[in-house]
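Here is a short report on one helix and its surroundings. Please look over the sequence and the model first.

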Amino acid sequence: MTAAVDPLTGLLSAVAMQAAARFRDHNLSIRRSRVVHAVAMSRWMAGVELPAPACHVGVAGWAIEDLRPTKAAVTCLRCLRAAPGGRSTAAVKPLGNQLALPIEVA
């Protein structure tokens, strides 16, 4: 026997499943930004998970419609550094105005 799901959680789950399907095998960009982020699932309301930038950059208001799926390669340096193994083997192509900061890990 399965537990009943309240209508709000059911609605949130449906939105999350649709968003997850949109980003399956895709990276993402936010609004009109040219920076491409890796996708990771992030906890939303009622314990439901949504696709979000893997680097945890803030997305004001959780506006799902502001996230655009893309097949373009990840260009976000934070996402690339967070890849399994510490660094991505993908070529890093920072945008002209994205600085690489000399960060040392102790």
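Helix H1 covers residues 7-23, 17 residues in total. At 1.5 Å a residue they should span 24 Å, and the end C-alpha atoms lie 25 Å apart, which agrees. The model is a predicted one.

Which residues of H1 are buried? They are Thr-9, Leu-12, Ala-16, Ala-19 and Phe-23. These residues cover an arc of only 90° around the axis, so they sit on the same side of H1. The general rule is that an α-helix has 3.6 residues a turn, so residues three or four places apart point the same way. On the other side of H1, Pro-7, Leu-11, Met-17 and Gln-18 are exposed.

What covers the buried residues of H1? The cover includes four strands, S1, S2, S3 and S4, listed here with their ranges.

| Strand | Residues |
|---|---|
| S1 | 27-30 |
| S2 | 39-43 |
| S3 | 49-53 |
| S4 | 67-70 |

**Ends of the helix**

At the start of H1, Asp-6 places a side-chain oxygen within 3.2 Å of the backbone nitrogen of Leu-8. Just after H1, Asp-25 has a positive phi of about 60°.

**The hairpin**

S2 and S3 are antiparallel partners, paired over 5 bridges. Arg-43 stands opposite Glu-49 in S3. The S2 and S3 hairpin has 5 residues between the strands. In this hairpin, Ala-46 takes a positive phi near 55°.

Terms used:
Residues numbered from 1 in each chain as written. Predicted model: local features only at pLDDT ≥ 70, side-chain atom pairs only at ≥ 80, totals over all residues. Heavy atoms only, no water. Helix = DSSP H or I, 4+ residues; strand = E, 2+ residues; numbered from the N terminus. Expected span 1.5 Å × (residues − 1). Buried < 20%, exposed > 50% of the residue type's maximum accessible area, 1.4 Å probe, protein only. Arc of directions from axis to C-beta. Contact = heavy atoms within 4.5 Å. Polar contact = N/O pair within 3.5 Å; in protein donor to acceptor, adjacent residues only side chain to side chain. Pairing = 2+ DSSP bridges.
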